[in-house]
Structure formats: structure tokens, C-alpha cells
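Please read them alongside the coordinates.

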Amino acid sequence: MSIKFHPDRSLIKRLKNHKGGTTFLFGAAFSQAYNGGAGIPNVEGVLEFIKEFVDERDDLDDYLADLEGVDPKDTYQQAFSIIAGSYGQKAVNDIVRRVVQSNIDENENHRIPQAIKDFVSGIKNNNFRVDNIITTNFDTLLEEEFDNQNIPYNSFSVVADTQLPSKVNNNINIYHLHGIWNKGDTMHTTSQLQQSRTRIEISLQNIVGDELVVVMAYSGWEDSFTRALATVVTNSNADYDILWSFYEPEVAKIEYARQDLFDIFEDAISRGRVQFYCGVDCNKTFKELGQVKEVKKKRAEKYELERHFQETINFYDIEDRGYNRNVRKQTFQDSLAFFNDNNALFISAPLGYGVYDFISSFKYALDNQKPRFLRIDCSEALTKAQIENQIKLETNQPLSQLLYLFSTKAGEEVYFIIFDNIKSKMNADALTYLANLSDLLPEFGKNIFFIFSSSVAIKQFRCFHVELEALTLHESQLILNDRFDSIQFTQSQVAQIHDRSEGVVDKLEQIMDFLENSSVEEVLAHDEIFDDDFHLGHIPTTTLNQIDLLFTDRSKELTLRMLNILSILKNGETLTNLRQDPLGARLNPKHVQELVRFELATTVKIDPSTTIIKINPIIKDYILSKMSKEDIFSISNAYLKVTVIPTKSGVKLSSLNRKVYQTGYSTEEDNTGTLLLYSIESCLQNIKYNESVGESNEMNERRLNKLRFYSSSYVYMLCNSSRFAETISAVDLLLETIKEIDKDNLYKYYEHIACAYRMRADYSEAEKYLNLCEELCPDNDKGTLESIYIDRLHLLERTNIDAAIALARARKNDYHKTSSAFILSEVILAELKEPDERFKTLVRLEKRARKFKHYTTANNILFTINNERSNVEKIKELDKAIESDRSGYNFCRATIYKHQVLVESGMYDRIKEHDINELSNIYNYLFRQKFDILFVKCHKLLWDIAAYRQRQDIIYMIYYKGTIVWRLNSDYKNEEKYLALFQDFEDPTVINGLVHKTD
């Protein structure tokens, strides 16, 4: 069989022209010292180390005698076999360590042969690509040089028979088949090398079976690699290519000495799958392969210059606290749309609302690109020139250089340049310059995105503007659940935490930091969670200076007064209502403008005639800490009269409260609860003072009686208007104070909160408070006792129907036949009847309840019996419920059920725009109140309508709110269902996230 041998230049060409990955096998010669230079001693040198070792033990004569007659080519393996037999594997390892350490210089660095340096340089210069390196060498000179040239790699010592790790990551794999000198045992003897290692050999077959394999500086011992090759080449389906090089230049000598090798490769030779090269010196080969051509050299120099500039840039590290992975999803998607359309985004976010937490979430919209952030503080910049100077000061580069450098990394990195703390007083030219920055981007530089942030909205950025709003109760709960075990909190505690944090990210973070080391009860009992250290750490110096100006400049006295008043009216108030008391009579729009311009307050338009002024919650806390108790009490007493208005029949809440609630702006309480607390505290303090000086408290007692009445009326109005979340929050806020000033009526508060919890399907809390109410309720309060009975029946109907039936049977006759309690008892007892009889009974009871004007009871019965009616009958009956029921909750139920019938009947044309708006308001109400069962029905109904009408705005709104509810309730089925529907409905380029544009 004739064998063709190629010269070394052909090997070099083949390696340069090969575009795929390559596996190299290196033997001992690759690491050996060349011409007396750096490197590991050759075989003769290693044998000298062995002789020194045995000579130190006076065994040299026996050692030499054992080597007599050994074939010179077997001397190395036989010598190590003698050492292993006489001194053990530890001695073998010790000799190997001496050999390697002989190549370490005085600075404890390994001396690297030039061949290895050139080989690694060739990889770094992209002259050829390497996937795997297999070596029989026990030194780590390859790893040392990879480290020197900053090339990542994986290194494996393979002595035991095991599968070789592969595809660990994208790094080059280095496999030491005979072990590593400083990582356990190494293999040298004939018995070790010839031992079968099945798993390793199978792994090697997989590695070399479909790659280009280059063998250099390797003698081809009978070891695991040679056996693996022998198996691979006999597989006619294997797609391998082998390049085997010999140092020997004379072909005849190679053919004579390595006939055993050619026999192994017989099948590969006949298929043309193996090529042989003679006269290959790896020192010369890699010297040429490691060189950089002139074009590449210039490119490398340019790259190095760019890298140098990149390294001088001050990038900004944003702490990712994970707050926006499950919240603010709608705002997040709006932001991505603006990025995709404009490469720019303006974020208006009040102080403490987590603007950088929100920005950090953009990194999750990228695929494989690395996000980089730069921050330019514009708090002191008023002109274009000042902005440009600030860019250079903050980043060490002018903007033009940044854009050029970043555009060269389009495929690897995405850059977010953040212009922070933009002030509304910045001049118009500077604002226009910032707003048009994205126009400067070259077509190949669309991996650069500009983010502008301010605490106020600025008209120049309105085309790509989003606003960060306060966290909702649901969002606060999601964040708490992400950081802590959800079972750690009761619903009441979650509501209290949300109330204390006011939906402000930084305040919630402060509370959670305390929760790391204290119980929930201990943290909620702490009155100084937000102390001076917190304020000084979160309020910018410029803002503190503005506040100091208000305190010291007498011309700003009225602006300071407005700030003080709004700090107590924490949920905001209109200028009109502020002026209704003499304290605010002189306030005017100029003072509103000043607070907004100083970035201490924001305005929210409720409707064309109503604009709320709201102080920033962190600023509010700081201002309150500076106010005297007398000022707080004075303002609270004054504005309680504006919020709670006496009437002939009792009291009513201001019209603003109703407007705020209807638009979805309200938090879990309005200003009334806070004003009541301060007013009661003020009254109690006056009583205590008069007692200490012996003066009469008649007027104070009258005042306290009125405050008791206001408190009970306020909670009653909340519960009676189906504002159950607000009822819970108000009772939680007032409860300890009521225990002190109105203990005899405490049971009424328990009844209201029990009802609220029952309506929200929190039956354990409902039962707890209902039991407390029943324990305290006096026998002569027949009205409350009847309410307790009705609440108990409703509660048991949901939790234990047998107990409900038993209670109804036992107590029904305690109530008049025309009462709601009697009729409800009959409804419960109807459960014992056959379906037809039960239906007839419920129809009769519904008419009876309606006759005696128990409309809520009547409509509850109607909703049940409607399940048995035709669609036409259902709609007619539901219209009756909508017209009659004063319960906001039942109005929502009837409206949802009616439109469900229309959708099921395919009568979409009967659903008007007004109906869709009403359903959207109901959806938001159910979301706020956490009526989860009815919320699911309303969600499906609105989704079906929106999908039919192609109303993307509604789909967006309900998808993100629905996802929050699904996650809070661990409702994975609905979460997955609506995600799939959302992806089908939505434009995939938005769903898949932020992708930089290249065309």
C-alpha cells in the first residue's frame, strides 16, 4: 500500500483554510525545551531526575541493574515502573513534580516554550479555531499561556476511567489523558498506559469522530487515544479527518519504524480520511501560524485602541433588586415599544419610586448581548454646553466618541446612556438637544439607547414618555413574596406594610431590610422606620436645599404652609379644598407651581374639573419629622371638617373621595383615617392637659364624642359602599385608638371588618373577627346581632354547608318572617330539597325578598336561580338586579353575568363602548378589592370582548393585572393559558423583547 506524505507547508495551509473547529493532540515534544530554551526536560532529562531520586536513597546500583537489557525506546516507561514498584505512586508523583518545577523561574512563573506561545497566539489572532486539546503531557504550560493571553479554557485531569466532560461552555477544553502534575496521580508505566479505559475511549471516539483531528509531537504509544482512533477509523459512517505529523523528514525511516500505525489506519487511508505530514517541527509550524498578517495586524491595532478607550469609560453598575420582574409589566412593554421605535425613553418617576430598579429590568429583554449602562447626572446642567461637559466628566469620553465605540460592538453589547435628574428649568435648547440625541445614531449603531429621567413630565419628551406609578397592594405583595416566604405574612400585615411604604419602592426596601432581622409584628410596631438617616440617604442634596429655602425664606411662607398641609393629607387634595379652611385660604396656583418646580409634589388630573396635588411620600415623611405636634394637630382638625362633612342625617365624605375612588387613584385608605387619628390624639392631649391643671373638659368631651361618631360613620360608609379593602385598612389603622376611646362600640368595628374579609373570601380572618364581635355585642343591639347571624350564615355557606343548615334550622324562627335573616335561613334550608323543588322555593323567596325591599338578598337568590334559565330570561332578570341593587359588589356581579350571557350567545353587537368602559372600571374595582373568584370571570369576559374587537389596549391592561393575580394565587393554569393567548394576539417583536435594529 503506497502512502503519500505531505510537507509541513501543506499542513500550515490546511490549518489556515479550515473554517470549522479542530481537535489537537500533543505529545511530549510540544512542551519540551527547544535549543536549550524554556520548557520541560526531554526523556533523557526526566531519566536524569529519576537517577537523582534513587541515588538519594542509595539505590542507584539496583536501579541500573534493573534497566540492563531494556530496549532504549522502552527505558522511560520501565524506569517509572521500577520507581512505582520500589517506592510507590507517591514517588512517581514526586519525580514528576521535580521535573515540572525545574522549569519555574525565580519569580515562580513557568517558562513557556515559544511553540506554545505561538500556538496560543494563533488561536487569539483567529488564524485557526480550536475546540479541544488532548495531550499526554502532565505539565500545565498550555494553561499558563492561555492565562497569559486571557483566553478562557476548561482543564481536565483524566486518570480514572470516566466520561470526558464536553460542551461545558464555549471555552476550549484541555484534556490531560495521563494526568496533571499538581492534581493527583500521573500515568507513565506500560501497564498503566495499556490498561483499558472504556469510558474515556468512548468519549474520545465522540470527540474525534466528526472533527478535524491534528496529531503533533506524539509518538503514538499504545494508549487510550490510539485505541480510540483505531475504533473510529473502522467506522465507515464516521465523518472524521485526521492530520498526522512526523518530526522525521525521511519517509523511508517513517515507513520502517511506524508500520504498526499504518496498519491501524488502513481503512482511513483507503477512504482518504487520514493525511500524513513529514518534517513537521511544531516550533517552526506554530511560529508561522501564530503570526498576524498586516491586514489583521492593523485591525488588531484598531481593536486595541478601541479597547483602550472602552476601558477608560466609566460604566455605571446598577444593583438589580429584582423588583420589576413581576410588576410594572405594562410600563415595561410600553418602554420596549418606545425603544424599538425611537431608541429613546423618558421616565418620569417621583423620588423613591425605583427608577433604576425599573431600568435594570431592561437587561432581561436582551438575548445574548451584554447590557452596559452609563449615567450622566443632569441635576446641575441647564445648558447644552453643560450637558456635554457633564458627559465627558462622567464617562471620560465625549458623546461622539462614545457613539462610535459603542456602535462597533453592535453584535455583542447593548448600551443604555442614562441622563438622570433632568430639571424642568433646563433651557429649551438643551432639552431639545437631549430629545433629539437618537437622531445622531448611525444606521449601524442602533444598539445604543438613551434613557432620560426626571421627577416631572417634560413636554419635549412626550413622544416616548412613560410614568412610574406607586406600587399597588398586589405588586407590593408580589415583591414581599419574592423575598420572603409568603406564609410569613397575613393579608392584614401585607396591607399594613403597603400602607407604611405607600407604594414607594425605597420605603418598601427599608421595611424589608428590617424584616430580615425582626418579626413582622416588631417592624410594624416600630414608629421610626423612616428616620433622619433614611431621609438623608434618599433625598438628594438639591432637594434638601430647596426645602431649607422654604423654611428660611419668609416670602415662601405660603408655599411652606401648603407643603405642611399636604404632608398630612398624604393621599393628595385639590387646591379648591385646601382653600376651604382659613389655614389655606390664601393658597393659589403659584404655590402649586412652586412645589412642582421644586420637585416636592406632583399633580394628578382626575377629570377636567379636578386636579389633585400630592406630596412625594419620602418628602412627606421628612416634612412631618420637622413639624411640631401643635402644627400637625391644627392642620388635622381644620381639614377633617373638609373631608368629613356633617349633614342633617349624619355625615358624608367629600365628593373628591368618591372621584378619586372611581378613577382608581386611591390607595387602601384616603386622608380621613389619618386626619381622624391626629384629631383624636389632639383631643386626648387637651383632655390630659386640662385634667392636670384642673380645668373643665366639657368641650373636649363633646369633641371626642363627635370624633367617635365620625370614626364609626367613616368605617360604616366604607363597608356599606362595597369598599371592603378600604374598610379593612381603616379598621386596622383606627383599631388601637378605638379600643382606648370607644371600647363599648368596638364590636361594631369587628362586624364591619369581618364582613369585609368575608366578601374578599378570606374566611379565616372573617371568622376571627365575627367571633370577637359576637363576644362583645350587647344583647340589646338586635340589629347587630341579626347582622352577625346573616354574616355567619353566609360564611358557613361557603365553608361548611351542613353547619349552615343546622344554624338556619335552629335560629330561623328567632327572626320575623319579613326579615332578611328569615328569608336567608329559608334559602339555606332549600339546599335540602330536590332540584325542582329547590328552584321553585328560591323563585318564591326571591320575589318575597324583593317585595320587602331586601334587594341585595333578592339579587343573591336571583344569581343562583338564573343558572337554570334561558339566556333571554337571564338578561331580563339581570337588568332587574342592575336597576335595584344598592350594593356596588352586586351591581358588578349582575353586570358581568349579563355580558357573559351576551358573549356566550355571540351578541357582541349589543355590547357598546359604554359597556366596555363600565366593565373595565368593574375589572379595576375587583382587582383593587381582591375579589379573586369574580375577577377571574370578569377577566375572561373582557378578554373575549377585547379579542373580538381587536382592542389591544384592553388586552394589555388585563393581561398584566391578571398575571399579578395568578402569581399571587399560584394559579399556574390561568397564567399559562393567558400567556399563550397573549403571545398569539400580540406582535411577536414586542413580546420577544428588546432587539437592536440593524436596518
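1. C892 has a relative accessible area of 6% and is therefore buried. The model is a predicted one, and the remarks that follow should be read as such.

2. C892 takes part in no disulfide: the nearest cysteine sulfur belongs to C938 and lies 8.1 Å away. The cut-off for a disulfide is a sulfur pair within 2.5 Å.

3. C719 is another cysteine to look at. The closest cysteine sulfur to that of C719 is in C755, at 4.1 Å, which is too far for a bond. C719 also counts as buried, because its relative accessibility is 10% and the limit for buried is under 20%.

4. Applied to the model, the 2.5 Å rule gives a count of zero disulfides.

5. Turning to the helices, α42 spans residues 855–865 and α43 spans residues 871–884. The two pack at an angle of about 155 degrees, and their axes are 10 Å apart. Angles over 145 degrees count as roughly antiparallel, so α42 and α43 are roughly antiparallel to each other.

6. The crossing of α42 past α43 is left-handed. On the α42 side, the contact is made by Y855, N859, L862 and F863; α43 contributes E877, L878, A881 and S884.

7. Sorted by class, the residues in the contact of α42 with α43 are five nonpolar, two polar and one charged.

Note on methods:
Residues are numbered from 1 along each chain as its sequence is written. This is a predicted model: local features need pLDDT of at least 70, side-chain atom pairs count only at pLDDT 80 or more; totals for chains, interfaces and linings use all residues. Side-chain values use heavy atoms; hydrogens and water are left out. Axes are lines fitted to C-alpha atoms, for helices over the stretch in contact, and angles run from 0 to 180 degrees between N-to-C directions. Helices (H or I, at least four residues) and strands (E, at least two) are DSSP runs, numbered from the N terminus. Angles under 35 degrees count as roughly parallel, over 145 as roughly antiparallel, 65 to 115 as roughly perpendicular and the rest as oblique. A crossing is left-handed if the near helix is turned anticlockwise from the far one by less than a right angle, and right-handed if clockwise. Contact means heavy atoms within 4.5 Å. Ala, Val, Leu, Ile, Met, Phe, Trp, Tyr, Cys and Pro count as nonpolar, Asp, Glu, Lys and Arg as charged, and the others, Gly among them, as polar. Buried means under 20% relative accessible area, exposed over 50%, partly exposed in between (1.4 Å probe, protein chains only).
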